[in-house]
Amino acid sequence: MRRRKAAVLLMMTGLCVVLLTACGKVKTEEEVPSDDPLEVLTTVWDNYGEEEKFEVVGGNRGAMVTDAPGAFDLSDAEAADVEIAVPEKAIPLIKSAASLTHMLLPNTFTCGAYATAGAVDSADLATALRDNIQKRHWLDGVPDKLVILSLDNCIVAAYGNEDIINTFRDKVQEAYPVAQVVYEETIE
């Protein structure tokens, strides 16, 4: 009888170790953000409930994706600046990009996600984006707020209506608990 109890106890202990190890591995993988900007924005957008979503487009004007984020080609520096507020001097800091923008009112919500190139300090990219957004001259109404978050090798920058930006910030941090707010400011 003792041998049977010892065997059962040993099997249960082994099972607990295996389960705890597996749980730990899953948690670690969830906390490591992707360095693919399109994957990051898709994950965040997928965290929105249907009642929270609004009409969006992603990608460049010439290759837009409807109702989802899209990859953004940075080869046209002027378009990058106009469409997602990337200054030309920051383009060499970026390996790849994706965007998500309110379909009708870009000043209500515009977002870009950027994978940093090589050994680039993501703080340099965050500052370049922040400075470019803050110095813009707005034609169709001034956005209320900007937020820039760092996810290791990926920077996410968004500006627009304060409530929409706050919700977006929260969705990024829900999807990626390691996301750190680098800038959160009123646009003047």
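Biologist: Why is Arg136 called buried?

Modeller: Buried means a relative accessible area under 20%, and Arg136 has a relative accessibility of 19%, so Arg136 counts as buried. Arg136 is found in the loop between helix H4 (122-134) and strand S6 (145-151).

Biologist: How do you know that Arg136 touches Asp81, and what does the side chain of Arg136 reach there?

Modeller: The side chain of Arg136 reaches the backbone oxygen of Asp81 at 3.0 Å, and since a polar contact requires a pair of N or O atoms within 3.5 Å, that distance falls within the limit. Leaving aside residues up to four places away in sequence, Arg136 touches Asp81, Val82 and Ala85. Val82 is also one of the residues nearest the centre of the largest pocket.

Biologist: How far apart are the C-alpha atoms of Arg136 and Ile187?

Modeller: The separation between those C-alpha atoms is 9.5 Å, while Arg136 and Ile187 are 51 residues apart along the chain.

Biologist: Why is Asp67 called partly exposed, and what makes its phi worth a remark?

Modeller: Partly exposed covers values between the 20% limit for buried and the 50% limit for exposed, and Asp67 has a relative accessible area of 48%, so Asp67 is called partly exposed. The phi of Asp67 is near 65°, a positive value in a residue other than glycine, and the residue lies in the loop between strand S2 (65-66) and strand S3 (70-72). Most residues other than glycine have a negative phi. Asp152 also has a positive phi, near 60°, and Asp152 lies in the loop between S6 and strand S7 (154-160).

Biologist: What is the order of elements along the protein chain, and how many of its residues count as buried?

Modeller: The protein chain has five helices and eight strands, which run α-α-β-β-β-α-β-β-α-β-β-α-β from the N terminus on. Of its 188 residues, 44% count as buried. Among contacts between residues at least 6 apart in sequence, 63% join residues at least 24 apart.

Biologist: What is the mean pLDDT of the protein chain, and where is the pLDDT below 50?

Modeller: The mean pLDDT of the protein chain is 84, with 82% of its residues reaching 70 or more. Over residues 3-30, however, the pLDDT is below 50, and this stretch has zero contacts in the model beyond near neighbours in sequence. Where pLDDT is low, the predicted coordinates should not be read in detail.

Notes
Residues are numbered from 1 along each chain as its sequence is written. This is a predicted model: local features need pLDDT of at least 70, side-chain atom pairs count only at pLDDT 80 or more; totals for chains, interfaces and linings use all residues. Side-chain values use heavy atoms; hydrogens and water are left out. Helices (H or I, at least four residues) and strands (E, at least two) are DSSP runs, numbered from the N terminus. Buried means under 20% relative accessible area, exposed over 50%, partly exposed in between (1.4 Å probe, protein chains only). A polar contact is a pair of N or O atoms within 3.5 Å; within protein, one must be able to donate a hydrogen and the other to accept it, and residues adjacent in sequence count only if both atoms are side-chain atoms. Contact means heavy atoms within 4.5 Å. pLDDT is the predictor's confidence in each residue, from 0 to 100. On a 1 Å grid over the protein atoms alone, a cavity is a set of points where a 1.4 Å probe fits but cannot get out, and a pocket is an open set with protein on both sides within 12 Å along at least five of seven lines; lining residues have an atom within 4 Å of a point.
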